[in-house]
Structure formats: C-alpha cells, structure tokens
2 protein chains.
Amino acid sequence: MSVLIVGSTALDSIKTPRRACAKLLGGSASHASVAASFFAPVKMVGIVGSDFPTRYIALYRRHGIDLAGLQRVEGRTFHWSGEYEVNMNNRRTLTTELGVFEQFRPALPPTHQTTPYVLLANIAPALQHHVLDQMRRRRFVVADTMDLWLRIARADLLRLLRRVDALVLNDSEARDLAGTDNLFTAAARIRRMGPRYVVIKKGEHGAVLSCPDSLFVCPAYPLARVTDPTGAGDSFAGGLVGYLASVKGPVERHLRRAMVYGSAVASFCCEGFGLSRTDRITRADIDARVAELERLARF
Amino acid sequence: MSVLIVGSTALDSIKTPRRACAKLLGGSASHASVAASFFAPVKMVGIVGSDFPTRYIALYRRHGIDLAGLQRVEGRTFHWSGEYEVNMNNRRTLTTELGVFEQFRPALPPTHQTTPYVLLANIAPALQHHVLDQMRRRRFVVADTMDLWLRIARADLLRLLRRVDALVLNDSEARDLAGTDNLFTAAARIRRMGPRYVVIKKGEHGAVLSCPDSLFVCPAYPLARVTDPTGAGDSFAGGLVGYLASVKGPVERHLRRAMVYGSAVASFCCEGFGLSRTDRITRADIDARVAELERLARF
C-alpha cells in the first residue's frame, strides 16, 4: 500500500567539526520520503522555490516518489543552516530562511486523499491538521514533531494528538510534552493525550515504543562514525511508515519490526551529509542491517 | 561455582529530591555481593569499622554471603554522602570519610584464593592488583572501576586491564579512557588495552557488550520511578558475575544473558534506598523481570 508524506522540503547547509556542505537536499519530507521509498510507493507533498536544483527532483524521481503534490513556485526554497558540536549530539541552528515555505498550504490532489498510510512529518501542527482535514479515508496516521512546536504551537499540537494513531518524538520533547523526566511515564501520559502508540527516539540509544499493553525497546544500529545526523529522525519515521505500508495484517503486529527498519535506514542517513548516503543504498543493504540488529539484540 | 567479590563496604547517606536517608548499607562490594548471591555462593572481602551495625552483618548473612574475608577493625566505617538532582542522573558527592577504609589491604583467606569467578568491584586499582596477586587459580576475572581512578590512578588501571578478562565501566568513563566520543569505537579500543570483553553501562539506556567478534545491546529494565540509583552499577556487575558462576560451559555463550540478569537486579536496586529493595527480592522476582526484558526486546 502507498504512503502519503507531508513535510518540509529544504536546502540544508551543514557544518560539522570535520566538514561543511552547502545546499544539500534536506527537509523532513525529503528524508522521510526517500526512507519510505525502499518499502512502499510514496506520494510526497511539499513546496520548493524556483532555485530548487533539478538534480534533487531527479533524486526524488530515482526513488519513485510521486511528485504530484510537490508545489513549485517562484521564490527561494526553505533554507536551513546549522552546526554540530564535536560529539555530534548538540546542534545549533545558524539561520532559518523560510522563503516559499512561508506560503505553504499543503493541498492534496484527489488521488492523495485516500492514501492508506499517512506520515505527517515535522511541520507546523496547523499544517498537519490541514492535511488531515483533506483526507477522505485513511488507515494509519503517524505524526512527527519538534521542540519548536511544543513552544509556539502547543495547543495545535495537543489537538493533533487526538487525531493521529501514533506520535513520534524525541526524548527531550517527550519529557517536555508530558512534564516528567521518566521516559516510560512520559510515553504513557502522551498516549492518554490521544495517540494509541507513542514512539520516543533516543538517537544513539535507540527508541522506545509504548503501546496500550506493551513496551518495546528498539536498539540503534551501532555506528563507529557519525558524519551528519541531520534527517536521521525523519528517516526513522519514514522507514517506519514505509515498512508498515509494505506488510499485511494488523499494524500492531508489525510496529516493532517497522521501528527496527526505521533504525536501519536512519543509520545510513547518519553516514553521509544530507541524503548522500541514503540515496545510494538498496533494500538489500537495509535488510542486512536489520539482520545485524537481530543478532546484536538477541539473548 | 562460587564468586569472590572485593570492593568497598560503606555506610551511605543519600539525599534525593524526595527524601534523605542516613547510614544505609552501601559500598561496591555490598551491592555486588547481594546481587550475586541470588545466583551463586559469594565470598566477600572488605573492611568495616567498630560502628558497623550488626543488622548489616545479619543482612549479608541472610544472603548466604561468606564473611571470612570481611575485616572488622577499630574505627569508623567508610562513610559516603551524596545528593541526586531532580532527574536522578546527576550525583553530587557531599562528603567522603574513608575511616578504616584508608588502611584496607584486601587479604584473601586461603579458601578464597582459588575462587573460579572474581569480581574486582570498584576500589583503587592498586587494591585490585593486590587481590589478583594473591589468587592461585581463577577462571574469569571481571573488574569494575570509576572516573576517580581514571583521574588519579590511570597507570595502575591500565596495567590492571592486561590482567582481567572483562572490564565493566560506564559510558563517560569509557569515552575518557578511550579518548573518543563514540562508544562502539571506545569499546573496541579498550579491548585492545587488554580485556577480551568490555561492558559499557549506560544507566537508563541499558548496556553494551563488546566481544572480539560481536556486539550485544542490552536493554535496561523500564522503571516508572527511580528512588535511588546508588549501587545500580555495582548490582549490575554483581548480578552479571553471579549469573556466570551459576551456569556451565564457555563464558562467552552466557555473557549476554548474564548482562540481562545484571540489568534486572540493578532495576530492583534503583527502586529503594541503599539495599532496602534488593534485600527483599527473590530469584523468582529477578527471573520475572528477565522474562519481561525478553518480551520487550523481541522483534
């Protein structure tokens, strides 16, 4: 089955202690869509400006991503620049130029309005609502978010939680949203705010899935070197939803494996700047890392 | 088979955001010995002063711990006091009064010198060396350590690494010892310094085992509330070595499960001040948590 992914499409300029790269393909929808494309047909919805390089359109196409929902308008593409500290865990935003993103109102072509799996990748909760308002049928909706929306659009986000099946967020966001330091308590509290499933991302420490009757602790793939973690969380969410769309039967039966697949794709994302590494992998590469994750989690 | 555990035996005064408790039974040998006692006969070596409460001797005895190597001398028992911050992750030492611990030279009774499994719990590396010097035969030696020894006794510690089969240390210590932020790289580097196996403890994020040919990612037991984490690392190491001593066959075959057992015991330790919770559990309670860990790690 296919996946609808709505989020940001951006150009990222990234500085790490080792290197700086300008105007890489970035944005939550870009990372999530490429990640999901290894598993299922993807319909991406986003907006880019007239400066958006054709090679990035070619990249989306190479991964079979349906671009009917990608708006191309006059003006500059959303541009984000940031810098990582030595340990690659702390990120500092240097500049955010919204450009055409400022006028983004995700409009779903009729063919998109019945997509069974939906990933509301990280964008303003109001836009995530706007997408759901246009859906005429759907099977499973996952929303991702970020600390910014917890600060400036908390009410919108809280309303969104009652409209989604699963929420994906990172550990500090979960602590903030639930008002507790304990992640397991936080996950349970967030489930009571709406979503049946809560997935807390912990970066190099893996992720946790909280279901109504169970918990799952998902390992991260062990990387000896992280080149650029930008987009790893988006890749994780994209891989997760893509995998879910690729299998049959009740979602809950597949969620654990979906997270492991998400982890595997995210690990590739970290190994190159922007999408450079993910762009060059195959489903077989991902399967090999999932097999490794199985071996290293077994006891 | 039996386990020899050498380390500190102390009285701990602990303050958390919720409560303060004075003169609890503490010390690395106390925590590790009680943890190991659920799996195998334990011979503990340590030193206490004339102020050491008889109820703590009774506690050791209740867990069948052989006290032939526990020196009882005139003076005050080692007393540590510390305080935890709200998130229970940051600990601040308030006072350290060594007392009789200052004169501690672990002397092994002849019956102890051939104990197959040895845990050099956290004490000065020079004392850990002194224990190994007295051993006449042994099967498997695990050493634990702490940041203090990395700072003030690094050379002794580096020499010790060439004499032990496994080193247990926490993530920040591993980064410091190996000189890298990446934990998997750190583990591999530390193995090259001597120990065949390196176990890196990550608190609530579980632990990692680095073997010559494989990695294992061990989940932590999910606790909704941490009352007092003091001694959790010692309990983990004690449970690990105790479990190893309780099973037959090559150690490497059992190391993963040993870590899971260590995690389970450590989780109980965190649920009460000092040893108060661990003192009241049974092997069946531990087995139940191991079964839960199996369920939450499966995919």
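# Chat notes: Leu296(A) and the two chains

Q: Why does Leu296(A) count as partly exposed?
A: Leu296(A) has 19 C-beta neighbours inside 10 Å, so it counts as partly exposed. Being buried would take 20 or more. Keep in mind that this is a predicted model.

Q: Where is Leu296(A) found?
A: Leu296(A) is in helix α10 of chain A.

Q: Which residues does Leu296(A) touch, leaving out those up to four places away in sequence?
A: Pro219(A) in its own chain, plus Leu215(B), Phe216(B) and Val217(B) from chain B.

Q: Back to Pro219(A). How many residues apart along the chain are Leu296(A) and Pro219(A)?
A: They are 77 residues apart along the chain. Their C-alpha atoms are separated by 8.6 Å.

Q: OK, the wider contact. How many residues of chain A are in contact with chain B?
A: On chain A, 21 residues are in contact with 21 residues of chain B.

Q: Which elements of chain A each supply at least two residues of that side?
A: There are α7 (183-192), β13 (215-218), α9 (251-270) and α10 (283-297). Helix α10 is where Leu296(A) is found.

Q: And what kinds of residues make up the side of chain A that touches chain B?
A: That side divides into 12 nonpolar, 4 polar and 5 charged residues.

Q: New topic: strands. In what sense do β4 and β5 of chain A pair?
A: Strand β4 (residues 42-48) and strand β5 (residues 66-72) of chain A pair in the parallel sense, over 5 bridges. In one pairing, Lys43(A) has Asp66(A) in β5(A) as its bridge partner.

Q: What does the chain pass through between β4(A) and β5(A)?
A: The chain crosses through helix α2 (residues 54-62) of chain A. This β-α-β crossover is right-handed.

Q: Last one, on confidence. What is the mean pLDDT of chain A?
A: The mean is 96, and 100% of the residues of chain A reach 70 or more. For the complex, the predictor gives an ipTM of 0.91 and a pTM of 0.94.

Methods. Residues are numbered from 1 along each chain as its sequence is written. Chains are lettered from A and ligands numbered from 1 in the order in which they are written. This is a predicted model: local features need pLDDT of at least 70, side-chain atom pairs count only at pLDDT 80 or more; totals for chains, interfaces and linings use all residues. pLDDT is the predictor's confidence in each residue, from 0 to 100. Two residues are in contact if their C-beta atoms, placed from the backbone, lie within 7 Å. Helices (H or I, at least four residues) and strands (E, at least two) are DSSP runs, numbered from the N terminus. Ala, Val, Leu, Ile, Met, Phe, Trp, Tyr, Cys and Pro count as nonpolar, Asp, Glu, Lys and Arg as charged, and the others, Gly among them, as polar. Two strands pair if DSSP finds at least two bridges between them. A crossover is right-handed if, with the strands pointing away from the viewer, the path from the first strand over the helix to the second runs clockwise. A residue is buried if 20 or more other C-beta atoms lie within 10 Å of its own, exposed if 12 or fewer, and partly exposed in between; C-beta atoms are placed from the backbone.
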